[in-house]
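Hi everyone, thanks for coming.

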Amino acid sequence: MTLGVLPYVLALVLTFIGLYVVVAKKNIIKIILGVIMLEHAVNLFLLLLGYRSGGTAPIRSPGDTVSAEAFAAGSVDPLPQALILTSIVIGLGCLALMVSLALRLHEKFGTFDMTRIRELRG
Amino acid sequence: MNDWLPLFVIIPLGVGFIAPLGSLRGPRAGGNRIPALALLTGLLLLGGSLAWLGREAAVYWIGGWPSRGSPTVGLSLVCDGLSQMLLVTINAIAFISLLYSWSYVRRYSGQPLYYSLFMIMLAGMNAVVLSGDVFNVFVFMEVAVIASYALVAFGTERPELEAAFKYVVLGSVSSLFVLLGIGLLYNLTGQLNMALIAEHLTGLPPTPAVWLAAGCFIMGFGLKAAMVPFHAWLPDAHPSAPAPISAMLSGVLIKAVGVYVVCRLMFSVFGMASPTGAAYANVLIVLGALSMLIGVLLAVGQWDFKRLLAYHSISQMGYVVLAVGVGAAVLAAEGSPSVAALAIFGGLFHMVNHAAFKSLLFLCSGSAEYTCGTRDLHELGGLKGVMPMTSGCCRVAALSIAGVPPFNGFWSKLIIVVALALAGYWGLAALAAVVSFMTLLSFIKVQRYVLEGDIPPRLSTVGEVPVPMRVAMAGLAIACLLLGVLVPLHKGVLIEPATTALTEGQTYAVRFRPAEPVDEVYVTVVETAGRVEP
Amino acid sequence: MPPGMSPIVRTVARLVTGFITMYGIYVVLYGHVSPGGGFAGGAILAAGFILLLLAFGKVRTEQIVSHRMAIAWDSGGALAFLAVAALGYVAGSFFLNFLALGEPYRLVSAGTLPLSNASIGAKVGAGLFGVFLALSVFRPAGDREDET
């Protein structure tokens, strides 16, 4: 059974949910969760780019009898997976920074509500 | 000689990893060893980038992969004219900021961590301008930008944390759009190397996927370059950072990870010959004009010194983007190549000049804050009597940004206005002149309130700033003057190779592509990559 | 109320942390043979340390894995990675895999890959644990009255 464009639609829906949460929510923690969701959506999209129908995982084990050319033509594309790994690590760094900023903000302002943390304006 | 290209990235990265060891003795550890190491690194990088200036374009393959039979597996570092110009700018402003930080950062706790983040930001920026691979640009852009998020929040006071949080969220969203664009480009062409992407894109018809990728890149890198619909983070983030970091952010970060990548993608990857390129040029013209106007209109009413400077950053970046966009539009419409080259020359020259005078302005505002404890224009006054060096440098920088001869701002703005007029955009040329006049008004206000007038009684005992800060500001002031006066001498080696690198956009693909493939397995992988059958 | 969690959690943590650490080191070391490698193994190592921190509280964990050790291993791992990459210059070009490649699927093979994996594993483990340690000093504003 082929899924057609359904996984791509899922990635699109996740992107828009993530964007909506970042734009419309007022709680800092929810905004952070929205950014994480957006990141998951983009990672899912990158994953889907490499797929080849009927493809195998790009891992060889000892005792594999498939030739190199057949393996390369039959496995899914491993390059987007490397891109995704890098993106996950970058996202982790960003998340750690955002969470520590949120904690510090709560310490200084006493609230997680974004509408009450508005000292800079103009 | 090309072997030394990775050193621009490894050396600051290594120093950035050594620096946290200085905080092992506790968060309040002082000491001069880490700042001295950082300063030495900055000097070394500046010397290296100046030594590289004027060489012909070089490409360096990391790990030597293409010569071992696998053509597109390797990452490349490319140093053409545009990269050389930006390398010199980045490392010069970094050295000056490090010199200034020697005294300024002593007031913060966690000094080794400051230098660690600074060095990592510098390594990231150097790698972005040297990278020949689009995903490498993304990774090192993220490295530099995450370090800058942490540096904006360094003082951990209330406004700084708020500004840093907004900056982090907006920056993350824009980076994710960039990643989306990179994914789309990979799917279309099967390559990540910018030269090979350019080669493949010239053969493709302009499908909606190409437009979407171009749009994602504008959204992502436009936010990093603070172009107008995406500028909202800059007026909060740049004033909240410590003064040398504001100088680095406004002076080089928005150029290295913003304007440089936009130019590189537009001219060398998408190319002016395709319809995407022509549309890209028009988008840049519109965004540049909007940034110019809105930046200066919002700046005129500001009373916080650094916030005013931040809005002017948006406006001046609008100048650069507008000039480059006009050059691209002329090239796309196959008009006169000399007019296009003039417009791009003006834009790139203005980019270098802006790095010089905007950094100097932020350093002067930092000096005023260091001695007087305030950034509010109402509370400052009469500093020319008590802080002669700072006020002299501030005057030089204000005259430069306002476009007064013989300082550097005048020449680059003149070239931009003339080029706009020659290209037929008379309205935009008039707009550029009007915005320049309003910039002058804004800085007359700054000079009146900060330098002239009577000293408020609260500030009557302030003195001049410490020597390293004075030397740093004086160095940038001399640079402002020399960049303006010595244009005929330096343009041939600094700006013109960069202009040529952009106007000959598609030759990037020809010069920097790897050799033909030799190994059969990799040929199969390359040919079947990027094609999805769900 | 003593720091940390209930005796059940503490007993299980005592039994399990060694295995978690060993599993993390296994994933790091076999990164060039099976999926995993530096980042994944480092995350598992950090999870083991964080389990210690959650179960026993900050004071006892600092005696086992202190903040200074986290900083030292973090910087050390990163510098080791840079050193391995820079040593490639000796053999021709930056980041070149200059050690002998060996036969595939063995533990000692693939040149400098296990060395890079090990340094990244150390850095990520120490770094993630350091992040958690730094975040654990925060107390919500207004919680001060509740301490007994």
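Predicted model: local features only at pLDDT ≥ 70, side-chain atom pairs only at ≥ 80, totals over all residues.

**A walk through the chains**

For a sense of scale along chain C, take Leu115(C): it sits 20 residues from Leu135(C) in sequence, and the two C-alpha atoms are 30 Å apart.

That brings us to where chain C meets chain A. Here, nine residues of chain C are in contact with eleven residues of chain A. On the chain C side, helix 4, residues 113–135, gives the most, with three residues. If you sort that side of chain C by class, you get nine nonpolar residues, with no polar and no charged ones.

Now let's turn to chains A and B. Their contact takes 39 residues from chain A and 36 residues from chain B. Which elements of chain A give two or more residues to the side that touches chain B? These are helix 2 (28–49), helix 3 (68–74) and helix 4 (79–109) of chain A. Helix 4 of chain A gives the most, with 14 residues. In terms of class, the side of chain A that touches chain B has 25 nonpolar, seven polar and seven charged residues.

Next, chain B itself. It has 22 helices and two strands. Its C-alpha atoms fill a box of roughly 80 × 60 × 45 Å along the principal axes. A compact globule of 534 residues would have a radius of gyration near 24 Å, and chain B, with 23 Å, agrees with that. Buried residues make up 64% of the 534 residues in chain B. And if we take the contacts in chain B between residues at least 6 apart in sequence, 81% join residues at least 24 apart.

What about the nonpolar core? The largest one has 277 residues, and those with the most contacts inside it are Leu360(B) and Ala397(B). Leaving out residues up to four places away in sequence, Leu360(B) touches Ala397(B) itself, along with Cys393(B), Met473(B), Leu476(B), Ala477(B) and Cys480(B).

I also want to show you one helix pair. In chain B, helix 5 (residues 134–152) and helix 6 (residues 158–189) pack at an angle of about 175 degrees, with their axes 10 Å apart. Angles over 145 degrees count as roughly antiparallel, so that is how helix 5 of chain B runs relative to helix 6 of chain B. Among the residues making this contact are Phe135(B), Phe138(B) and Tyr149(B) from helix 5 of chain B, and Tyr167(B), Gly171(B) and Leu179(B) from helix 6 of chain B. By class, the contact has 14 nonpolar, two polar and two charged residues.

One last stop: Val283(B), in helix 11 (residues 275–300) of chain B. With 18 C-beta neighbours inside 10 Å, Val283(B) counts as partly exposed. From Val283(B) to Val9(B) is 274 residues in sequence and 33 Å in space, C-alpha to C-alpha.

That's my tour, thank you!

Note on methods. Residues numbered from 1 in each chain as written. Chains lettered and ligands numbered in written order. Contact = placed C-beta atoms within 7 Å. Helix = DSSP H or I, 4+ residues; strand = E, 2+ residues; numbered from the N terminus. Nonpolar A, V, L, I, M, F, W, Y, C, P; charged D, E, K, R; others polar. Core = buried A, V, L, I, M, F, W, Y, C linked by C-beta atoms within 7 Å. Buried ≥ 20, exposed ≤ 12 C-beta atoms within 10 Å, placed from the backbone. Rg over C-alpha atoms; globule rule 2.2 N^0.38 Å. Axes fitted to C-alpha atoms, helices over the stretch in contact; angles between N-to-C directions. Parallel < 35°, antiparallel > 145°, perpendicular 65-115°, else oblique.
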